[in-house]
Amino acid sequence: ELLDHLPDDPASGTHVIHGRRIRGGRPGGKEMTLLDAVLRSTEETSWDSDGHAKPLKSQTWVASSYVSGGLVDDPDSTRFTAVTVKTRRLGKWTGIPEAAGNKHSERQRVLSVEIPSPIVCAIPGVGTVRLGWGETSHWSEMSARIEIIPYWHVELDVPQTMDELYRDILTPLLLWMTFVTGTGDRFQEVTLWRSSGPTPSDQQSFLWYTGEWSDDLPRRVEPPAHEYLLPLKRIMTDLPKVLAAWFDMYRIAGWPMTEFMLPYIRSNTAYEEERFLGVMRSMESFHRLLYGGDEMPTDQFNDLINGVLERAQNADERKFLSERLKYANAMTQRKRLRNLVVMSSPAIQSLASKNKKLISKAIKLRNDFTHGAAKRASDSDLWEMSNATTLLEVVMTSVWLKGLGLDDETVDDSLRGSYAWGFVRAVLEVN
């Protein structure tokens, strides 16, 4: 690549660098911008034919991400009006087949495939999200294929920076694809759009690449499309309402939702203890953010706490009591988990009732891990921890499905028809 506008002091900090791709040995390709680029210097030793050592020094610019198709002067302030997203699981989730044929004779063949109309979803506070389909064709003397390529396109109500797009648009879309398929997904292509005027010709597009885009898919068994948790065909007519509910839920509780699905998204497998603690923590935080939950009215609680603090003999005692009583009015984790069970669908409530001791066991194990109990967890404890994690994950999944506005029957049918249900049955002995 041909780089220009190099910084005066490249060794310090990160930099935004402009350049142009090189084609045929000459700079004739697309303009590009390296983001958060760092100069990496290396030195190696080579040996000539006489056995003499020769130092070889090299310098390489390494960037966390780059934009192809234009120059972005300041990614922290440059705002984009729209974004187009393709993910690796999107094609199977939409269930739109390709048309293919082989030409083994002179008889004329016709290939045809029906492309659905775009599904337009108005998302309050975000903009207009469109699930659309493009097509590409491949022809040769012996075969032909028409491939349908689905994509998400988001027209923003308010232009956003790249960081804001990643937080408010890309992350909830990736979590959505992970949730509805029941397995991790990855971005395949992200296109940013910037408008400099009112006409279509004033639209400028940029392809955004990061190392994360090229990561391998998570090392999990990929379920067949008909065993996805929530295939598009099941919610196609309700997608605008369901997707709006998802973005609204993410807006309030995005962090615990991300933590809950992190084991599905990451490429490597999480340790069982890590997965267990993440599920416990994210479920408690999710319930707190969406539903609150104090044990007594705030005024009554404050009066009670002030009465306790008055018993303190000095400032140190008062600080000691204040720090430990600060969150004493919050609903306990046990109550929050039980409330989430009550909020789940009938099939999951029945499942939890048959395994009610697991939630109590999960609370105890979580406290032991968090507060450093002297006794190490036994093999039976770890086995119950794994089973409790499975139960709590399916409870949370049910609560989310209901939070999207789906009725109990649809929720239970989605869970029972999913790939993960077979594992739930095997672990928790569903009757």
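**Aromatic contacts and surface features**

At 5% relative accessibility, F179 counts as buried, where buried means under 20% relative accessible area, exposed over 50% and partly exposed in between (1.4 Å probe, protein chains only). W246, at 0%, is buried as well. The model is predicted: local features need pLDDT of at least 70, side-chain atom pairs count only at pLDDT 80 or more, and totals for chains, interfaces and linings use all residues. Residues are numbered from 1 along each chain as its sequence is written, and side-chain values use heavy atoms, leaving out hydrogens and water.

Rings of Phe, Tyr and Trp (its six-membered ring) are paired if their centres lie within 6.5 Å; planes under 30 degrees apart count as stacked, over 60 as edge-to-face and the rest as tilted. By this rule there are 11 aromatic pairs. One of them joins F179 and W246, which are stacked at 5.2 Å centre to centre with 25° between the planes. Because F179 lies in helix α2 (residues 162–181) and W246 in helix α4 (residues 239–265), the pair ties together parts that are 67 residues apart in sequence; helices here are DSSP runs of H or I with at least four residues, strands are runs of E with at least two, and both are numbered from the N terminus. Ring pairs also link W93, W152, W176, F179, W246, F260, F286 and W400 into a cluster.

Elsewhere, D73 is found in the loop between β5 (65–68) and β6 (80–87) and is exposed, with a relative accessible area of 61%. P118, in the loop between β7 (99–102) and β8 (119–123), is partly exposed at 46%. P118 and W133 are 15 residues apart in sequence and 6.9 Å apart in space, C-alpha to C-alpha.
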